Amino acid sequence: MWDWFSVEWFSLAKLRAFSWAHPYFLYGILVIPIAFWLRQAFHAGAFQRLGITFVNTDPPKSFSVWLRLLFPISGFLGLSCLLLALARPQSINTLTERDAEVIDIMLALDISESMRDKDLPPSRLASAKSVAKSFIGGRLQDRIGIVLFAGEAFTLCPLTNDYELLYSFLDEVSHDQITIAGTAVGSALAVCINRLRESASKSKVVVLLSDGESTAGNLDPITAAKLSKAYGVRVYTIAIGRTVPKPLVSNSQRNSDSLALTTPQTAPDEGTLQQIAKATNGQFYRATDNTTLKNIFSQIDNLERVKVKNRRYQEVKDFYRVYLDWALAFFLLMMFLKVVFIANVLED
């Protein structure tokens, strides 16, 4: 009730913080002193006086004489507060709401033993996890799920827009989560389809990342791709890693006991991944280093974007009542001063 009773409402910082609905009333404050001066000028010779002294010199001005200035000052402040109220000070808070059509995305990550290779340092799997986190962080309200596969496939996290939960699941991804050897690309795609087939989203996407040939699982990858097409699921496939060619070895070196036997890095099955992407109207990508992998996810991120509608509205709070209360207080003070000795009772 008494929130208005504070001199803070007249501080320069407070007044500058307001938005004024009718700022032209503020110019009237400059006119008030002129109006007082004109009143003084036109009525200077019309004031009624009661002569009670016969001395030739004016008496010294006492403190009560200076108190009479309170009357015009309170009038000036009352009118100024009234004009401030008419200018309608406001506090405006602009809020923005984003409305976007949600995309459902399943990330299928290969965690087979070949993902330990370090041609993408620190390893293929570690690089894939890092880039997947960045990809998730760049989405807006989309639901994302994670499927892991090696010799078999399973859902690590169903579709969710809790990105912090997705980050924690990705941190826990390791090769030990599936002990069956192999690369079941078809099974991984089938698990993703099963998660997306009942989705009401208009856009359903699978990002499948693998570094090896499909050697396990009960479902052929091409058949799984056709099922994806039937359910309206678009698949982006990424072949990760590069093959280090075997060096040429002479007969003498081959027979040498000092020859160190090395195993070449696993080559991605590009042909199958390309067919999957083509069959589902997706795209195939080849990632041979970390930079390329990041660029691939950036391209997918840009391709799978929907139009975002920004709705802006304003919360407006008026403060004119504060200055009306102050104006009333100053006018009441004027009335009080008018009936006491401070004001000149002989004036109108």
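This is a predicted model: local features need pLDDT of at least 70, side-chain atom pairs count only at pLDDT 80 or more; totals for chains, interfaces and linings use all residues.

Tutor: Begin with two strands. Strand S3 covers residues 103–110 and strand S4 covers residues 143–149. They run parallel.

Student: How do you know that S3 and S4 pair?

Tutor: Count the bridges. Two strands pair if DSSP finds at least two bridges between them. S3 and S4 have 7 bridges, so they meet the definition of a pair.

Student: What makes S4 and S5 a pair?

Tutor: The test is again at least two bridges. Here 5 bridges join S4 to S5, so the pair passes. These strands run antiparallel. Isoleucine 146 has cysteine 157 in S5 as its bridge partner. S4 and S5 also form a hairpin, with 3 residues between them.

Student: Which strands form the open sheet, and in what order?

Tutor: There are 6 strands, in the order S5-S4-S3-S6-S7-S8. The pairing is mixed.

Student: Why do S5 and S8 count as edges?

Tutor: Strand S5 (153–160) and strand S8 (284–287) each have a single partner strand, so one side of each has no neighbour in the sheet. On average, neighbouring strands are turned by 15° against each other, direction ignored.

Student: Which helices lie across strands of this sheet?

Tutor: Helix H10 (residues 270–279) lies across S6, S7 and S8, at about 160° to S7. Helix H11 (residues 290–303) lies across S3, S6, S7 and S8, at about 155° to S8.

Student: Why is H4 called roughly antiparallel to H12?

Tutor: Look at the angle. The axes of helix H4 (residues 70–86) and helix H12 (residues 320–338) cross at roughly 160°. Angles over 145 degrees count as roughly antiparallel. So H4 is roughly antiparallel to H12. Their axes come within 8 Å, and the crossing is left-handed.

Student: What makes up the contact of H4 with H12?

Tutor: The residues divide into 18 nonpolar, 3 polar and 1 charged. Among them are Leu77 and Leu84 of H4, and Trp326 and Phe330 of H12. Lys338 of H12 also takes part. Lys belongs to the charged class. Gly75 and Gly78 of H4 are in the contact too, and Gly counts as polar.

Student: How much of the protein counts as buried?

Tutor: Buried means under 20% relative accessible area. Of the 348 residues, 36% count as buried.

Note on methods. Residues are numbered from 1 along each chain as its sequence is written. Side-chain values use heavy atoms; hydrogens and water are left out. Helices (H or I, at least four residues) and strands (E, at least two) are DSSP runs, numbered from the N terminus. Axes are lines fitted to C-alpha atoms, for helices over the stretch in contact, and angles run from 0 to 180 degrees between N-to-C directions. Contact means heavy atoms within 4.5 Å. Angles under 35 degrees count as roughly parallel, over 145 as roughly antiparallel, 65 to 115 as roughly perpendicular and the rest as oblique. A crossing is left-handed if the near helix is turned anticlockwise from the far one by less than a right angle, and right-handed if clockwise. Buried means under 20% relative accessible area, exposed over 50%, partly exposed in between (1.4 Å probe, protein chains only).
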